[in-house]
Amino acid sequence: MAGVKRNRLKTSSLHASKIVDNIHFAFLALPAAALLFVFAYIPMSGIVIAFKHFRVTEGVFGSPWVGFKNFEFFFKSADAWRTIRNTLGMNFLLIVSSLICNIAFALLCYYLRSRRAIKTYQTITIIPSFLSWVVVGYLVYALLKPSGGIINQIITFFGGTPVKWYSEPYKWPALLVIINLWRGVGYGSLFYFASLMGIEHDYFEVAALEGANRWHELRYIILPHLLPLIIIMQILAIGNIFRADFGLFFNVTRDAGPLYPTTDVIDTYIYRALMKLGDIGMSSAAGLFQSVVGFVLILATNLIVKRIDADYALF
Amino acid sequence: MMVKKKRPQILLNGIGIVYSLLCIIPFVIVVSASLSRPIDLSQAGYKLIPSPLSLNAYETVFRNPAVIGRSYAVTIFVTVVTVFFGLLFMSMAAYTLSRRNCAFRGALSFYFFFTMLFSGGIVPSYIWITQYLKLQDTYRVMIIPSLINVFYVFMIRTFFQQLPSDIFESAKIDGASEAVIFFRIALPLSKPVLATVAFFTAMGKWNDWTTGLYYLNDARLYPLQYLLYSIQRNIQALLAAMDFTTSGMGAIPIEDVPGENLLMAMAVIATGPMLVVFPLFQKHFVSGLTVGAIKG
């Protein structure tokens, strides 16, 4: 009798303590969850603006519906094709160039024998990634300023004609790739370097015994070792291929109109439509298009990776 | 992997040195420009070494330090508050997400994770923040929307999950509540990941200029990066804020009116200290920030 009673007491107190635990959990998660609700989920519901003729006086839910009119306007404009092409094309160039250079620099550090040299190069080359795009814009301006910039001084020194950098759009895809590499490789290569440091040395010794050369090492030991990291990085990059780095495209180019043919991307377009033209219909349509395509891309790339090898999938 | 010959090492070092120099030279040019006379910049152009040397730009800034001083104060305030509350709220949520005995763990994980997959975009946020919350031109708009970074939440959660579970179990047996376990045990054991997140949050906030672009009109609230952005677009406004006049009483000779040298000096003053401070934290960069950390 007494035993049964004690047991019941114990389970009910266990039950009570479970409730207390969960109250604590809820309390701990509440601030972050509430902030996400206010700054992520409520704006998500605001995507209806893309289907409305938004009027400030009537608010998000009072404004009249217009169906797909905003999308029609956006896709029929010359800007749509240009911004989508630039976003995809430039992001493709940025992704591929970063991948190659990050791995190349990581390998360079890996093959260096002097620890002091590795540390020095890594410490120096990471500095640019601490800079905001605003400061990078200052540095680039000092180099590219049409009259008096360093690059044009070098060009004239060798007898060439100076280039009006901020009005020649077709020079910018290459420039943006270089600037992006300049800022990102020092930091980006650290991930690959850390992964390389995890390779067991035995592999190389066995390979050397079997007569493997440097190329074999790279092909059969190093690349397979890096592959999971490469795949995960690329899923993230492809999932975000519809999202351009706003600071790079907007500020480093000084938002120069003549450069738009190659530098106007979806994000800069949305900014301009919203803040400069006040065209909420067009900018919200472009923004929703970007969000939906980005969402689909992330799910799709993840699914493909899951099919190939579930271990490499993100979720 | 050991290289026997000397020549490849020289080649590798050569590339490393050239690349390192390319990373530094733009800074040297900017510092040099900030130490030049405005007239030399517009006539002879930018140089690696200023000649003649001139402190014109720095004298201008420090004769009227209110503009940059105020901006520094705003940036430090916003960064410190964001890092403190961001770290607190993110790690609290991460703890809940890490505990298997939490009844709503799965649903809550999805609630957090989904915001990484889909967002409403800038336009709805802009309308919500300006029309409904009325946060433009406040300190709050620089702090509150950027407190939670879900990527970091999952990073901290993964770290909590990797702590030895015996510690938590024995604390429970001793009668500690979940909140006590979080504050007394989980947090103190998680300094490495908290340092990493704090560093990246601080850097992100310090370098944030787009918040100003969308939500700030009041020049007294400009953080450093947005101040730099806006003066590059409009140097006249900066000169006006610094009480410069080119006509009337107290006018200064036209060749002494600061120009791009002043811009470059502002960039140096705004960036220099951080370039000294940030590399000190370098050892924390990669640890814990592997992308796989959010998996699961």
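Is A:Glu217 buried or exposed, and at what relative accessibility? At 8% relative accessibility, A:Glu217 counts as buried, where buried means under 20% relative accessible area, exposed over 50%, and partly exposed in between (1.4 Å probe, protein chains only).

The model is predicted, so local features need pLDDT of at least 70 and side-chain atom pairs count only at pLDDT 80 or more, while totals for chains, interfaces and linings use all residues. Residues are numbered from 1 along each chain as its sequence is written, chains are lettered from A and ligands numbered from 1 in the order in which they are written, and side-chain values use heavy atoms, with hydrogens and water left out.

**View 1. The salt bridge of A:Glu217 and A:Arg214 within helix H10 of chain A.** The side chains of these two residues, A:Glu217 and A:Arg214, meet at 3.6 Å, N to O. A salt bridge is here a side-chain nitrogen of Lys or Arg within 4 Å of a carboxyl oxygen of Asp or Glu. Side chains of opposite charge can pair when their charged atoms come close. Both partners, A:Glu217 and A:Arg214, belong to helix H10 (residues 214-239) of chain A, where they stand 3 residues apart, about one turn of the helix. Helices (H or I, at least four residues) and strands (E, at least two) are DSSP runs, numbered from the N terminus. A:Arg214 counts as partly exposed at 39% relative accessibility, whereas A:Glu217 is buried.

**View 2. The interface of chain A and chain B.** About 8,800 Å² is buried between the two chains, and carbon and sulfur atoms give 73% of this area. Buried area is the accessible area (1.4 Å probe) that two parts lose on being put together, summed over both. A:Phe25, A:Phe130 and A:Tyr138 supply 10% of the area that chain A buries against chain B, more than any other three residues. The contact (heavy atoms within 4.5 Å) takes 102 residues from chain A and 97 residues from chain B. Between the chains, 23 residue pairs are in polar contact, both residues being at pLDDT 80 or more. A polar contact is a pair of N or O atoms within 3.5 Å; within protein, one must be able to donate a hydrogen and the other to accept it, and residues adjacent in sequence count only if both atoms are side-chain atoms. Helix H1 (residues 2-45) of chain A provides 21 residues, the largest share of the side of chain A that touches chain B.

**View 3. Salt bridges around B:Lys172.** The rule finds 2 salt bridges across the interface of chain A and chain B. B:Lys172 forms a salt bridge with A:Asp21, with the closest N and O atoms 2.5 Å apart. The side chain of B:Lys172 also meets that of B:Glu178 in a salt bridge (2.7 Å, N to O). B:Lys172 is partly exposed, with a relative accessible area of 26%, whereas B:Glu178 counts as buried at 0% relative accessibility. A further salt bridge joins the side chains of B:Lys205 and B:Asp208 (3.3 Å, N to O). Salt bridges that share partners join A:Asp21, B:Arg99, B:Lys172 and B:Glu178 into one network.

**View 4. B:Thr96 and B:Ser98 in helix H4 of chain B.** B:Thr96 has its place in helix H4 (residues 66-98) of chain B and counts as buried at 0% relative accessibility. Not counting residues up to four places away in sequence, B:Thr96 touches residues of both chains, among them A:Phe25, A:Leu28, A:Ala29, B:Cys102 and B:Phe104. B:Ser98 is buried as well, with a relative accessible area of 11%. The side chain of B:Ser98 reaches the backbone oxygen of B:Tyr95 at 2.7 Å. With the exclusion of residues up to four places away in sequence, the residues that B:Ser98 touches are B:Arg105, B:Arg157, B:Phe160 and B:Gln161.

**View 5. A nonpolar surface patch on chain B.** B:Ile17, B:Leu21, B:Ile24, B:Ile25, B:Val28, B:Leu48 and B:Ile49 make a patch of about 590 Å². Patches are made of residues with over 30% relative accessible area and no salt bridge: like charges are joined within 9 Å, nonpolar side chains (Val, Leu, Ile, Met, Phe, Trp, Tyr) within 5 Å. Accessible areas come from the Shrake-Rupley method with a 1.4 Å probe; for residues, only the protein chains shown count as cover. B:Ile24 lies in helix H1 (residues 7-34) of chain B and is partly exposed, with a relative accessible area of 33%.
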